Amino acid sequence: MARGQQKIQSQQKANEKAAKAKKQQGHSASEQKKAAMAALVHVCVVCKSQMPDPKTYKQHFENKHPKNPLPADLQDLQPGVFHFS
């Protein structure tokens with residue numbers, strides 16, 4: 001019986017050690033969510049959807065809001081050309 005208890009304690013200790021190592025690597029779900037939210041910098045003026053870049057924002061606006069006039073910040077954006085600011 002002593003081996004059974006020792007085995008359980010050993011497994012718990014190994015699980016705790018693995019959890020600490022994983023947390024140190026920065027692979028937690030909250031860290032990934034924070035990084036994803038930081039990348040979404042463009043916000044649609046009509047529906048408030050968030051997009052990562054102006055090209056995606058323009059495509060979204062043309063497809064989802066075709067009757068609305070294009071915002072001024074997207075009018076000078078040419079298709080296929082990236083403008084980094």
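How many helices and strands are there in the chain? There are four helices and two strands, where helices (H or I, at least four residues) and strands (E, at least two) are DSSP runs numbered from the N terminus. Read along the sequence, they come in the pattern α-α-β-β-α-α.

Before going further, a word on what you're looking at: this is a predicted model, in which local features need pLDDT of at least 70, side-chain atom pairs count only at pLDDT 80 or more, and totals for chains, interfaces and linings use all residues. Residues are numbered from 1 along each chain as its sequence is written, and side-chain values use heavy atoms, with hydrogens and water left out.

Let's take the overall picture. Of the 85 residues in the chain, 13% are buried; buried means under 20% relative accessible area, exposed over 50%, and partly exposed in between, with a 1.4 Å probe and protein chains only. The chain exposes about 7300 Å², with carbon and sulfur atoms supplying 55% of that (Shrake-Rupley method, 1.4 Å probe; for residues, only the protein chains shown count as cover). As for contacts (heavy atoms within 4.5 Å), take those between residues at least 6 apart in sequence: 6% of them join residues at least 24 apart.

Now to helix α3, residues 54-64. At its start, a side-chain oxygen of Asp 53 reaches to within 3.3 Å of the backbone nitrogen of Lys 55. The buried residues of α3 are Pro 54, Tyr 57, Lys 58, His 60 and Phe 61. Seen down the helix axis, these buried residues fall within an arc of 160°, so they line one face of α3; the arc is that of the directions from the helix axis to the C-beta atoms. What do they pack against? The buried residues of α3 pack against β1 (42-43), β2 (50-51) and α4.

Tyr 57 is buried at 2% relative accessibility, and Phe 61 is buried at 1%. They form an edge-to-face aromatic pair, 6.3 Å centre to centre with 85° between the planes. The rule here is that rings of Phe, Tyr and Trp (its six-membered ring) pair if their centres lie within 6.5 Å, with planes under 30 degrees apart counted as stacked, over 60 as edge-to-face and the rest as tilted. By this rule the count comes to one aromatic pair. Because Tyr 57 and Phe 61 are four residues apart in α3, they are separated by about one helical turn. An α-helix has 3.6 residues a turn, so residues three or four places apart point the same way.

Both residues also belong to the largest nonpolar core, whose six members are Cys 44, Met 51, Tyr 57, Phe 61, Leu 74 and Leu 77. Such a core is a set of buried Ala, Val, Leu, Ile, Met, Phe, Trp, Tyr and Cys residues joined through side-chain atoms within 4.5 Å. Setting aside neighbours within four places in sequence, Phe 61 has contacts that include Cys 44, Val 46, Pro 69 and Leu 74.

That brings us to the loop between β1 and β2, where Val 46 sits. Val 46 is partly exposed at 39%, and its contacts beyond four places in sequence are Phe 61, His 65 and Asn 68. The C-alpha atoms of Val 46 and Asn 68 are 8.6 Å apart, though 22 residues separate them along the chain. Lys 48, in the loop between β1 and β2 too, is exposed at 58%, and its phi is near 65°, a positive value in a residue other than glycine.

Finally, His 65 lies in the loop between α3 and α4 (72-75). His 65 is buried at 11% and, not counting residues up to four places away, touches Cys 44, Val 46, Cys 47 and His 60.

Methods:
Polar contact = N/O pair within 3.5 Å; in protein donor to acceptor, adjacent residues only side chain to side chain.
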